[in-house]
Amino acid sequence: MSTYSAPLDDISFALRHIAGLDELALLPAWADVGLDHTEDLLAEAGRLATEVIAPTNRIGDQTGSALNDAGDVITPEGFAPAYQQFINGGWTGVSADPEYGGAGFPLVVDVAIQEMITSANMAFSLCPMLSQSAIGPISAHGSDEQKHRWLPQLISGTWTGTMLLTEPQAGSDVGALTSRAEPQADGTYRLWGQKIFITWGEHDMTNNIVHCVLARTPGAPVGTRGISLFIVPKFLVDQNGAVGERNAVRCIGLEHKLGIHASPTCVMELDGAVGELVGEEHQGMPQMFTMMNKARLLVGLEGLAVAERAYQQAAEFAAERRQGRRPDTESGTQAPIVEHPDVRRMLLDMRARTEAMRGLLYLNAAASDRGARHPDPQQRQHARQRAELLTPVSKAWCSDQGVEVASLGIQVHGGMGFVEETGAAQHWRDSRIAPIYEGTNGIQAIDLVGRKLPMDNGAPLSALLEEMTGLDKNLDQAVGAIAEAARWLGEHPGDDALAGATPFLEMLGLTVGGWVMGRSWDTAGRLEAAEPQQADFWRAKRISSRFYLDQILPTAPALLPAVTSGASALG
Ligand SMILES: Cc1cc2nc3c(=O)[nH]c(=O)nc-3n(C[C@H](O)[C@H](O)[C@H](O)COP(=O)(O)OP(=O)(O)OC[C@H]3O[C@@H](n4cnc5c(N)ncnc54)[C@H](O)[C@@H]3O)c2cc1C
């Protein structure tokens with residue numbers, strides 16, 4: 001049966017040697033939060049993930065959340081107590097503002113913690129993840145009164161948050177939404193409309209839920225320019241913060257899905273629900289953009305987290321399952337399948353991709369941290385652009401890799417991977433949503449090519465390519481191919497560039513993964529001799545990084561013809 005063990009050494013390695021946590025710790029912004037205790041914090045989160053949350057994963061998949069006749073959503077056995085333990089530790093607010101009860105850690109530390117919670121149970125992790133998504137725009141754009149009313153409860157996890165964007169006719173095209181909000185004499189609004197696919201829109205784990213809803217006010221311009229953001233609580237909250245009357249926002253249906261069965265995906269009806277405007281009317285889309293980067297990073301993280309869990313399970317299975325002989329085993333005996341080179345190749349492929357994803361995501365998070373809080377404005381600008389450039393790659397490449405690694409995990413199991421009993425199939429089913437929500441991966445590729453490459457006349461990409469050069473010959477080749485692909489895309493705007501956007505994103509993901517693994521190879525080589533007590537760890541890092549650089553990275557330049565074939569190749 002599938003168990004999970006928090007990979008603390010790998011996480012610490014990526015934080016220190018790839019993301020540069022030690023340098024972040026020197027910045028004044030984090031001088032007082034206690035970053036020197038990060039290892040203890042990670043160990044504590046690892047214990048919670050392993051001992052409390054991971055055991056709920058299987059039962060959550062098997063029973064799922066259910067809607068009863070009274071309109072309540074009942075979560076699977078064990079979820080509510082696990083959530084209580086989660087919030088007792090304050091884990092929703094790791095990187096949130098200390099003024100409202102957060103711990104004020106850098107995002108990169110929060111991301112490392114969320115990796116473990118998500119590996120333990122992805123469906124569960126979506127609940128606090130959505131709370132973080134609600135905290136973002138309220139922190140950035142809410143009035144002081146709103147911040148005081150909603151943030152402490154969201155940050156402590158006493159209440160959870162949601163995002164109500166999608167409607168049947170408005171998915172990728174958010175600007176097509178029609179939910180309406182009418183101003184009232186007392187300064188509040190009343191909202192009407194139907195939202196679909198709302199993650200954790202209703203549940204029984206807290207006594208209130210804070211919905212962030214996008215809607216149109218009377219006479220608003222069409223498209224994204226006419227959208228406003230509202231806070232619509234499940235229960236109204238008075239001036240003193242006391243929870244009162246039930247609001248007219250209800251779950252009227254749950255979707256039956258391929259995976260993440262425990263995460264309730266709700267159809268929500270707003271029937272004159274009372275809401276508060278956040279900031280000004282028609283500012284909903286720019287306001288959402290302030291949380292989008294973080295949300296996209298966290299969806300990319302789901303790919304990493306599920307991949308890690310799938311790898312652990314496959315490695316355990318391969319050590320136990322016996323089939324076939326090795327040349328040196330006696331006839332009549334069977335070898336553990338891990339001894340067969342092809343099985344070792346699959347496991348190493350899973351591990352190498354997982355490590356590359358971790359490096360990319362942590363690098364991206366650390367760039368967001370520096371972009372937000374570095375004291376030097378030039379460094380801040382550089383880091384912000386780096387984070388902007390990497391975010392669609394983190395979201396799309398890592399979520400795609402998560403599906404690929406989970407699929408390999410099934411392959412390692414053979415037939416037992418295809419039957420539900422082992423749990424290997426659950427990882428693949430769960431991971432499959434990440435390329436779809438929070439902007440499909442196709443939309444991420446369009447964002448990369450259409451918005452991020454032209455940023456500052458291409459300076460952020462050029463700076464990244466320059467930094468990645470000179471570490472490894474395969475990496476240099478991939479960097480050269482990206483430069484050529486980017487030039488071609490710039491010369492062929494419109495449908496030709498859009499046709500090549502997804503292979504370009506894949507090239508860049510593979511290549512930044514190569515940079516991560518080139519640095520791992522380098523660091524492991526240096527530290528293997530210096531820290532002989534950790535020799536096995538460093539040797540394993542050298543094997544996985546060399547495998548990635550020699551066997552996975554060379555697929556990046558091979559994508560150049562796919563990037564540069566143009567729209568006519570699509571018929
Ligand atoms: C389990 C689950 C949970 C979700 N949680 C939430 C939530 O909490 N809150 C919320 O508001 N929403 C949520 N969603 C909605 C999710 O964000 C949307 O499903 C997603 O944005 C895609 O929209 P769509 O399903 O309408 O697909 P469509 O937009 O119809 O896309 C279909 C296909 O067309 C492509 N496509 C669409 N437009 C373009 C274009 N302009 N150029 C190129 N290709 C394009 C897409 O990439 C995709 O491959 C959730 C969805 C699911 C399934």
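I looked up Arg345 and found it partly exposed, with a relative accessible area of 38%; partly exposed lies between buried, under 20% relative accessible area, and exposed, over 50% (1.4 Å probe, protein chains only). This is a predicted model, in which local features need pLDDT of at least 70, side-chain atom pairs count only at pLDDT 80 or more, and totals for chains, interfaces and linings use all residues. Residues are numbered from 1 along each chain as its sequence is written, and side-chain values use heavy atoms, with hydrogens and water left out.

The side chain of Arg345 forms a salt bridge with that of Asp342 at 2.9 Å, N to O. I take a salt bridge as a side-chain nitrogen of Lys or Arg within 4 Å of a carboxyl oxygen of Asp or Glu. Asp342 is partly exposed too, at 43% relative accessibility. Both residues lie in helix α10 (residues 341–373), 3 residues apart, about one turn of the helix. Helices (H or I, at least four residues) and strands (E, at least two) are DSSP runs, numbered from the N terminus.

Next I checked Arg149 and Glu145, whose side chains meet in a salt bridge of 3.5 Å, N to O. They sit 4 residues apart in helix α8 (residues 144–156), and are therefore separated by about one helical turn. Arg149 is buried at 14% relative accessible area, whereas Glu145 is partly exposed at 48%.

What does the pair Asp472 and Arg546 tie together? Their side chains meet in a salt bridge (3.1 Å, N to O). Asp472 is in the loop between α15 (459–468) and α16 (473–491) and Arg546 is in helix α19 (residues 535–552), so the pair ties together parts that are 74 residues apart in sequence. Asp472 is buried, with a relative accessible area of 10%; Arg546 is partly exposed, with 23%.

I also noted a network of salt bridges that links Asp10, Arg351, Glu355 and Lys541. The count of salt bridges comes to 25. Side chains of opposite charge can pair when their charged atoms come close.

I asked which residues have the most contacts inside the largest nonpolar core. They are Val108, Tyr362, Trp397 and Phe504, in a core of 155 residues. A nonpolar core here is a set of buried Ala, Val, Leu, Ile, Met, Phe, Trp, Tyr and Cys residues joined through side-chain atoms within 4.5 Å. Helix α9 (residues 284–320) gives the largest share of this core, 16 residues. Another core, of 18 residues, lies apart from it, and includes Tyr189, Leu191, Val213 and Ala273.

For Phe504 I listed the contacts (heavy atoms within 4.5 Å). Not counting residues up to four places away in sequence, Phe504 touches Leu448, Val449, Leu453, Ile482, Ala485, Ala486, Leu489 and Val563.

Ile446, in helix α14 (residues 441–452), is partly exposed at 38% relative accessibility.

Is β11 largely enclosed or open? In strand β11 (residues 265–277), 11 of the 13 residues are buried, so the strand is largely enclosed by the rest of the structure. I then went through its partners; two strands pair if DSSP finds at least two bridges between them. Strand β5 (residues 189–199) pairs with β11 in the antiparallel sense over 9 bridges, and Arg190 has Val274 in β11 as its bridge partner. Strand β10 (residues 249–254) runs antiparallel to β11 and is joined to it by 5 bridges, with Arg250 opposite Glu269. Strand β7 (residues 227–233) is also antiparallel to β11, with 2 bridges; there Phe230 has Leu277 as its bridge partner.

I placed Ser520 in helix α18 and found it buried, with a relative accessible area of 3%. Ser520 touches Phe13, Ile18 and Ser545, residues up to four places away in sequence not being counted. Ser520 and Ala356 are 164 residues apart in sequence and 9.3 Å apart in space, C-alpha to C-alpha.
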